[in-house]
Amino acid sequence: MKTYIPKPKDVKNDWLLIDATDQRLGRLATKAATLLRGKHKPEFTPFLDTGDFVVIVNAEKISLSGNKIDQKSYFRHSNFPGGSTITPMKTMMENKPEMVLKKAIWGMLPHNALGRKIIRKLKIYAGPEHPHVAQEPTKV
């Protein structure tokens, strides 16, 4: 019996829509990472991009458990001396709520070329409007 490995042309990428209203950050990120990676499909292959496109709307309405909004912070560094920037989650949620979700999902994907290819299929919007109506995304 031979192992079936799908060819990239055989993989069908669907468009999925997730409404983030009142969903927990981690649970939503796990669901989105699974769909992006293609683990919900029978033809999942770890070294191929078999996942779907994921559109997330209402990112500003996600729910956070505990005191995460006050205690969690995001660290960046510019690779120059003294170039570190620490942004509290409260500020990030006010200014760029889609980045909070994107960073959570990126942490659940492989950190290599495949992961960089997969994360490009993620579309996150703070409000209910999105420009992907022509692709007819199905609600998850």
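This is a predicted model: local features need pLDDT of at least 70, side-chain atom pairs count only at pLDDT 80 or more; totals for chains, interfaces and linings use all residues.
Four strands form an open sheet in the order 5-2-1-6, and their pairing is parallel. Strand 5 (122–124) and strand 6 (138–139) stand at the edges, where each has a single partner strand, so one side of each is left without a neighbour in the sheet. Strand 6 runs parallel to strand 1 (residues 15–19) and is joined to strand 1 by two bridges; leucine 17 has lysine 139 as its bridge partner in strand 6.

## A helix on the sheet

Helix 4 (residues 97–106) packs on this sheet, where it touches strand 2 (53–57) and strand 5, and its direction makes about 155 degrees with that of strand 5.

Which residues of helix 4 are buried? They are Pro97, Val100, Leu101 and Ile105. Seen down the axis of helix 4, these buried residues fall within an arc of 125 degrees, so they line one face of the helix. An α-helix has 3.6 residues a turn, so residues three or four places apart point the same way. The elements against which the buried residues of helix 4 pack include helix 1 (25–37), strand 3 (73–77), helix 3 (89–95) and helix 5 (113–119).

## The nonpolar core

The largest nonpolar core has 28 residues, of which Val54, Ile56, Ile62, Val100, Leu101, Ile105 and Leu122 touch the most other members. Among the elements that give two or more residues to this core are strand 1, strand 2, helix 4 and strand 5, while helix 1 gives the most, with seven residues.

If residues up to four places away in sequence are not counted, isoleucine 56 touches, among others, Ile18, Leu28, Leu101, Ile105 and Leu122.

Conventions: Residues are numbered from 1 along each chain as its sequence is written. Side-chain values use heavy atoms; hydrogens and water are left out. Two strands pair if DSSP finds at least two bridges between them. Contact means heavy atoms within 4.5 Å. Axes are lines fitted to C-alpha atoms, for helices over the stretch in contact, and angles run from 0 to 180 degrees between N-to-C directions. Buried means under 20% relative accessible area, exposed over 50%, partly exposed in between (1.4 Å probe, protein chains only). The arc is that of the directions from the helix axis to the C-beta atoms. A nonpolar core is a set of buried Ala, Val, Leu, Ile, Met, Phe, Trp, Tyr and Cys residues joined through side-chain atoms within 4.5 Å.
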